[in-house]
Amino acid sequence: MATIPWLVDVLRGAGVQVVTHGDWVNRMRPGSFDPIGVLWHHTAATSSASNPHPALNICINGRSDLPGPLCQALVDYHGVFHVISAGRCNHAGVSRGSGPIPAGDGNTLMIGWEIDYNGVNQEMTAAQYNASIAATAAVLKRLGKDASYARGHRETSTTGKIDPSFIDLNSMRADVAAKMAGGSTWSAVVDNSTAGRFTASANWGTSSYSAQRYGTDYRFADPVAASDAAWYKFNVPATANYRVDAWWPAVSGYNSATPYIVSTTTGNRTIIVDQRVTGGQWRSLGTFTLPAGDANRVAVSRWSSAPGLIIADAVRLTRV
């Protein structure tokens, strides 16, 4: 059975902070292990700055119904990789096949990261995401594979797994590819509650009605024949191409033609989205050339002829 004793050196070489646990090189499940890809999970435990890795013990020792180890590494709230195994782990189960990953024994085929967040009302932190991108890129380089070999458990599961929640896996692979190509990925999120970064008139109410919200609440307003935009301010580090992602909670009574405005180097661009569907996750609005500087960059406009509430929740920029 193959093992990956090189894992710690590869992670540290990529600038990832690593902590090893016990005899990680020899801690493994019986059976074959010849990985060709990396699989992302979330633990379903609620992590925090003061309790950054609540699922670590379970990932090492397993559960009554599933013996450990349950992953090669756990990624804590601060983005620290806790390496627990260099061999086969019970993390993937049967793979139904996804992208270049074939159907078969997922525990043989893939190295697993358990990212410690609950995936219901908590998303992974920026530190977890950035560390996982760097680690995945480094490991895939070591395996001689490209970014398409990075998958999410919900893509390979035969039993309806939803992990990892709250990320666009195609965007994740794009970020891995950029990292493998030698680029550094800058990313920033502005929520409606981000101090000094979100502005809206008194016509915009505040709600926590939908559990699909980003953070504790979001803003809403009726559609009108006027912009009355809610603006998101970003300190863009350099004039370059950036992917713009938006997050909204989807409710059947929300607006089917919500205008998002992106302020680019060549003027404002308008993108129309249906906020009745595909909520509770990052959705790409496209890639745009944005100018450097600290200014309002993305807005949600009220100017829509469709019925239903206009929602302003969170926006993310990622340099590509």
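**Polar, cysteine and aromatic contacts in the predicted model**

The backbone oxygen of Pro30 is found 3.3 Å from a polar atom of the Arg88 side chain. The model is a predicted one, in which local features need pLDDT of at least 70 and side-chain atom pairs count only at pLDDT 80 or more, while totals for chains, interfaces and linings use all residues. Residues are numbered from 1 along each chain as its sequence is written, and side-chain values use heavy atoms, with hydrogens and water left out.

Arg88 belongs to the loop between strand S6 (81–83) and strand S7 (94–98); strands are DSSP runs of E, at least two residues in length, numbered from the N terminus. The side chains of Arg88 and Thr108 are joined by a polar contact of 2.9 Å (a pair of N or O atoms within 3.5 Å; within protein, one must be able to donate a hydrogen and the other to accept it, and residues adjacent in sequence count only if both atoms are side-chain atoms). With a relative accessible area of 10%, Arg88 is buried (under 20% relative accessible area, 1.4 Å probe, protein chains only).

The structure contains zero disulfides, a disulfide being a pair of cysteine sulfur atoms within 2.5 Å. Cys71 takes part in none, and the nearest cysteine sulfur, that of Cys59, is 4.0 Å away. For Cys89, likewise in no disulfide, the nearest cysteine sulfur is that of Cys71, at 6.4 Å. Cys71 is buried at 0% relative accessible area, and Cys89 is buried at 0% relative accessibility.

Rings of Phe, Tyr and Trp (its six-membered ring) pair if their centres lie within 6.5 Å; planes under 30 degrees apart count as stacked, over 60 as edge-to-face and the rest as tilted. By this rule there are nine aromatic pairs. Among them, Phe198 and Tyr232 are edge-to-face, at 5.1 Å centre to centre and 70° between the planes. Phe198 lies in strand S12 (residues 198–199) and Tyr232 in strand S15 (residues 230–236), so this pair ties together parts 34 residues apart in sequence. Phe198 is buried at 10% relative accessibility, and Tyr232 is buried at 0% relative accessible area.

The Tyr214 and Trp282 rings, with centres 5.4 Å apart and planes at 55°, form a tilted pair. Tyr214 is buried at 16% relative accessibility, as is Trp282, with a relative accessible area of 2%. Together with Phe166 and Trp247, Tyr214 and Trp282 form one aromatic cluster.

Conventions
Helices (H or I, at least four residues) and strands (E, at least two) are DSSP runs, numbered from the N terminus. Buried means under 20% relative accessible area, exposed over 50%, partly exposed in between (1.4 Å probe, protein chains only).
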